[in-house]
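Subject: Structure handover

Hi,

Here is the structure I promised to pass on. Have a look at it first, and then read on for what turned up.

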Amino acid sequence: MFSKKNPIYYIDKDDKFVIENYNNSTTFSSFLPAVSGLYGKPIWVFYVNRGQCVATIGINDKDHSIMEFEPANKAYRQTSLHGFRTFLKIKNGKKTSFYEPFQNNFYFNKIYDISQKMCITSYDLCLEETNDTLGIKIEVMFCTLPGETLPSLIRQVSMTNISGNPLEIEIIDGLPILIPYYLTNNNLKNESNLRQAWMRVENYKTIPFYKIKVLPHDVPETLPVEGGNFYLNFSFGEDKKIGFSKIIIEPQVVFGNITDFTYPENFFKESFCIPEDQVGMGTTPCGFGYKKIILKDSKPDVTYSLIGNSDNYEKLVKFKDKISNEKYIIGKIDENKRLIESLKSSIFCFSSHREFDLYCGQTFMDNFLRGGYPIELGECKHVFYVYSRKHGDLEREYNFFQVDATYFSQGNSNFRDVCQNRRNDISFFPFTDDTNIKTFFNLIQLDGFNPLVIKGTIFKVKDTKAVKIILSKYFPKNLICDLFNFLTVEFTLGSLLCFIESM
């Protein structure tokens, strides 16, 4: 008899907030911090407590999404189908079972003994499902990639055999919908069928690059698009060498005629195989990795995915070489944790109530994500704020947030939000001194009104002779002209550093 398991909430020994049976709990939305360090490029990630949780990701703003941005009420309905999916074909002896973990499926819940839980920290999101009937445990971890030239989401999937018998498993894992770069939120909401004509996936047999070749604007000139989104799926063998999964970019290969993505009709067929050629243009693509494994004992099989954006394909090829060592990706996961925890350290609290201590760190982070995190720049010790963003979560979809995918990333925010969230800066960061008094008083107009939105800091060069002298010390003569022309206009610190990197 099918019985619905009630949700259970607690904080575990690793300070993670755990929700057991999260698919049955009251809906909520949240996000991973779009923080990748001063010399990293951030990606924004929103999640809900349904399916595999991650509802939407992207760079900069809603007009640069990789998974389409949807408000909370739609995300609760759609994430289980349009978000990350994992399909398993499991052979235990002569018996073959078809299964999809992390769903709240009436049929699966009726025939399988399943337990699910969701573990939340400030720096990552973890899911865990144990299927005692099939004898398999699946764990998924999401976090953002810190300190890198490309903004990316890290996804780690671990599968462990708890059956006591060898299991032969075919796996398809990834996204049923992956938006090519660069299609705006309006394109996706109001012209999604038409804009498929521009969509394409280049080099899908090696490193899939999701993009459009030209902007779909009704203008006389053709405006080419160089950047693209990417999907990488890989694992490391016993010899420590990297192995890239076969990539599926055409949804029909997996789902057949099931266009609502409820189940993978083609994959569940005995004759399933990936065709040599797939349709890579004129249709909305997907991003799935496919592989076969044999789980003999309790040692988990681990697969990684990186989903993100690159300015050009050549930069992505160079980035691929970096991830060929498992130590790199494990190190980045650890670096992300250390980065977020270090930013919370200013409010470190140790009391008789662990919940209170954890709350202090989390609320401090939520505040600097709205008001910005101050640092000092240069010999003049200019106070510069990074990591700020407007309330742009799924429940505040009316706000058009901005999270610059640059180094020293800044975003936009409302005057009232920034003002109130910096009210205690002088206590935590004494070097800010009277910076915020000057900033907010200077922004008040003569009629007493203040601006609605505060944008990131913009610099402009006044002494051009001094700039040429400085540039001559650090850059070759043939590059100084390009850089000098860039510096004679208004620029942000992040855009300057990215410009220099491109040179």
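One cut-off before the rest: a residue is buried under 20% relative accessible area, exposed over 50%, and partly exposed in between. Lysine 438, at 48%, therefore counts as partly exposed. Please keep in mind that this is a predicted model.

**Salt bridges**

Lysine 438 has a partner: aspartate 434 forms a salt bridge with it, with 3.6 Å between the closest N and O atoms. Aspartate 434 is partly exposed too, since its relative accessible area is 32%.

The structure has 22 salt bridges in total. Another of them joins lysine 89 to glutamate 170, where the closest N and O atoms are 3.9 Å apart. That pair links distant parts of the chain, with lysine 89 in strand S6 (residues 85-92) and glutamate 170 in strand S12, 81 residues apart. Are the two ends buried or exposed? Lysine 89 has a relative accessible area of 6%, so it is buried. Glutamate 170 counts as buried as well, because its relative accessibility is 14%.

The bridge between lysine 205 and aspartate 277 sits in another setting. Their side chains meet at 3.0 Å, N to O. Here too the pair links distant parts of the chain: lysine 205 is in the loop between strand S13 (199-202) and strand S14 (209-212), and aspartate 277 is in the loop between H5 and S18. The two are 72 residues apart along the chain, while their C-alpha atoms are separated by 8.8 Å. Lysine 205 is exposed, as its relative accessible area is 53%, and aspartate 277 is exposed at 55%.

There is also a network of salt bridges that links Lys41, Asp311 and Lys315.

The largest pocket holds about 1,100 Å³ of space. Its lining has 41 residues, and the closest to its centre are Thr121, Ser122, Lys344, Leu358 and Gln362. Strands S1 (8-11), S2 (17-20) and S3 (29-32) each give two or more residues to that lining, as do helices H7 (326-344) and H8 (354-371). H8 has the largest share, with 11 residues. By class, the pocket lining splits into 19 nonpolar, eight polar and 14 charged residues.

How many cavities of 30 Å³ or more does the structure hold? There are two. Strands S11 (152-161), S12 (167-175), S18 (287-295) and S19 (301-310) are the elements that give two or more residues to its lining, and S18 has the largest share with three. Among the lining residues are Val157, Ile171, Asp173, Lys291 and Asp301. The lining of this cavity divides into four nonpolar, four polar and three charged residues.

The second largest cavity has about 40 Å³ of space. Its lining includes Ala34, Tyr387, Arg389 and Val403, and by class it has three nonpolar, four polar and one charged residue.

Most residues other than glycine have a negative phi, and most peptide bonds are trans. Tyrosine 387, one of the residues that line the second largest cavity, has a positive phi near 75°. Tyrosine 387 is in the loop between strand S21 (382-386) and strand S22 (413-414), and it is buried because its relative accessible area is 6%.

Lysine 240 also has a positive phi, about 70°. Lysine 240 lies in the loop between strand S15 (228-236) and strand S16 (242-244), and with a relative accessible area of 60% it is exposed.

The peptide bond from tyrosine 181 to tyrosine 182 is cis, with omega near 10°. Tyrosine 182 is in the loop between S12 and helix H3 (185-190).

**Phenylalanines at the surface**

Ile437, Phe441 and Ile444 make up a nonpolar surface patch, with about 320 Å² of accessible area together. Phenylalanine 441 belongs to helix H11 (residues 435-442) and is exposed, given its 60% relative accessibility. Phenylalanine 106, in helix H2 (residues 106-111), counts as exposed at 51% relative accessibility.

Cheers

Notes: Residues numbered from 1 in each chain as written. Predicted model: local features only at pLDDT ≥ 70, side-chain atom pairs only at ≥ 80, totals over all residues. Heavy atoms only, no water. 1 Å grid on protein atoms, 1.4 Å probe; cavity = no way out; pocket = protein on both sides within 12 Å on 5 of 7 lines; lining within 4 Å. Points joined across faces, edges and corners; volume = space filled by probe spheres on them. Helix = DSSP H or I, 4+ residues; strand = E, 2+ residues; numbered from the N terminus. Nonpolar A, V, L, I, M, F, W, Y, C, P; charged D, E, K, R; others polar. Patch = residues over 30% accessible without salt bridge, like charges linked within 9 Å, V, L, I, M, F, W, Y side chains within 5 Å. Areas by Shrake-Rupley, 256 points an atom, 1.4 Å probe, with all protein chains shown as cover. Salt bridge = Lys/Arg side-chain N within 4 Å of Asp/Glu carboxyl O. Buried < 20%, exposed > 50% of the residue type's maximum accessible area, 1.4 Å probe, protein only.
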